[in-house]
Amino acid sequence: MSAVETIEEVITTPLTLTQEAADVVKDLIAQQERDDLALRVYVSGGGCSGLQYGMALDENIEQDDQVFESLGVRMVVDPVSLRYIAGSTVEYVTAGMGGGFKVNNPNASGGCGCGSSFSAEGEEGAEKAEGGCGSCSCH
């Protein structure tokens, strides 16, 4: 792959899924028996590290959302969230009594052991990333 192709891929797919995560999302969409759903990935305030990831199947796409595809899954990210998660990979991990999605984010300056909460360099609250989220052993 040439450098140009790599740059274009990053621009058109700012967030990628692992194959297992894509398969799980496709199964979830198939269970809904709808073809208008996309995986919305977003960031919101909260969590033990200041910011937390969220994901939902969504039929609503706003005008300023970025829409792209990863391994056959249509994904949607709002512009504010994209600032924090561009370049991330979403994987599906199984552990103990179940599984869940985990975001591997190269932009995070700190995070929770469970992968659902993170802090970003220079963001308010990033210095307060102490303790745990309660759903993992990261405290």
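In this predicted model, Leu15, Leu17, Met75 and Ile85 touch the most other members of the largest nonpolar core, which has 23 residues. Such a core is a set of buried Ala, Val, Leu, Ile, Met, Phe, Trp, Tyr and Cys residues joined through side-chain atoms within 4.5 Å; buried means under 20% relative accessible area (1.4 Å probe, protein chains only). Helix 2 (19–32) gives the most to this core, with 5 residues. Helices (H or I, at least four residues) and strands (E, at least two) are DSSP runs, numbered from the N terminus.

Residues are numbered from 1 along each chain as its sequence is written. Local features need pLDDT of at least 70 and side-chain atom pairs count only at pLDDT 80 or more, while totals for chains, interfaces and linings use all residues; side-chain values use heavy atoms, without hydrogens and water.

In helix 2, the buried residues are Ala21, Ala22, Val24, Val25 and Ile29. Seen down the helix axis, they fall within an arc of 165° (taken from the directions from the axis to the C-beta atoms), so they line one face of helix 2. These residues pack against strands 1, 2, 3, 5, 6 and 7, with contact meaning heavy atoms within 4.5 Å. Just after the helix, Glu33 takes a positive phi of about 55°.

An open sheet of 3 strands has the order 1-6-7, with mixed pairing (strands pair if DSSP finds at least two bridges between them). Strands 1 and 7 stand at the edges, each with a single partner strand, so one side of each lacks a neighbour in the sheet. Strand 1 and strand 6 run parallel, joined by 3 bridges; Leu17 has Val90 of strand 6 as its bridge partner.

Terms used:
Buried means under 20% relative accessible area, exposed over 50%, partly exposed in between (1.4 Å probe, protein chains only).
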